[in-house]
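Thanks for making time this morning.

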Amino acid sequence: MRVDLDAKQVDALVDVRMERQALLAREDAPKLWAVIDEAALRRISGAPAVLKGQLEHLLDLEPRTNITLQLLPFDAGFHPGLYGSFMLMGFPEPNPDVVWVENLTNSVYFEGSEDVRRYIEVFDHLRATALGPPETRSRIKSMHKEL
């Protein structure tokens, strides 16, 4: 998606994301609760085999007790997550919770209690609207079979 970056810069960003993802496999791994819009899993970038591999990876994550995945299906209609993706990060006291929003040119962190509260409300709404984890797994398996 970043047409302004050359291959070396894209590889560096991928490396950072892969290192961050590796934290989820540690013995003292943080907890991750992800609500993924169905559009993100249906949009094919490159060969269908790439998407198939990504879906397999999501299915492999499911047994981990520190990871919860939910799919927000198309039929959920319009929802507040359409404003864009965000990440809520909770920290032990006395550190404040933080919201991270990444956009085309930079990343923005919000740590004001009112900002964080609003994003928590949106996340709670998305979790309530999304498929539960078992239904999410079933839908991902179906999508995988379609490819």
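Let me start with the lining of the second largest pocket, which by class has 6 nonpolar, 2 polar and 1 charged residues, where Ala, Val, Leu, Ile, Met, Phe, Trp, Tyr, Cys and Pro count as nonpolar, Asp, Glu, Lys and Arg as charged, and the others, Gly among them, as polar. Please bear in mind that this is a predicted model, in which local features need pLDDT of at least 70 and side-chain atom pairs count only at pLDDT 80 or more, while totals for chains, interfaces and linings use all residues. Residues are numbered from 1 along each chain as its sequence is written, and side-chain values use heavy atoms, with hydrogens and water left out.

The residues lining this pocket are P80, Y83, G84, S85, F86, V101, R118, Y119 and V122; a pocket here is an open set of points on a 1 Å grid over the protein atoms alone, where a 1.4 Å probe fits, with protein on both sides within 12 Å along at least five of seven lines, and lining residues have an atom within 4 Å of a point. Helix α4 (residues 113-129) gives the largest share of that lining, 3 residues, helices being DSSP runs of H or I with at least four residues and strands runs of E with at least two, numbered from the N terminus.

Turning to the helix pair, K52, L55, E56, L58 and L59 in α3 meet R137, I140, K141, M143 and H144 in α5, contact meaning heavy atoms within 4.5 Å. By class, that contact has 5 nonpolar, 1 polar and 4 charged residues.

Finally, a cis peptide bond joins E93 and P94, with omega about 10 degrees, and P94 is found in the loop between β3 (87-89) and β4 (98-102).
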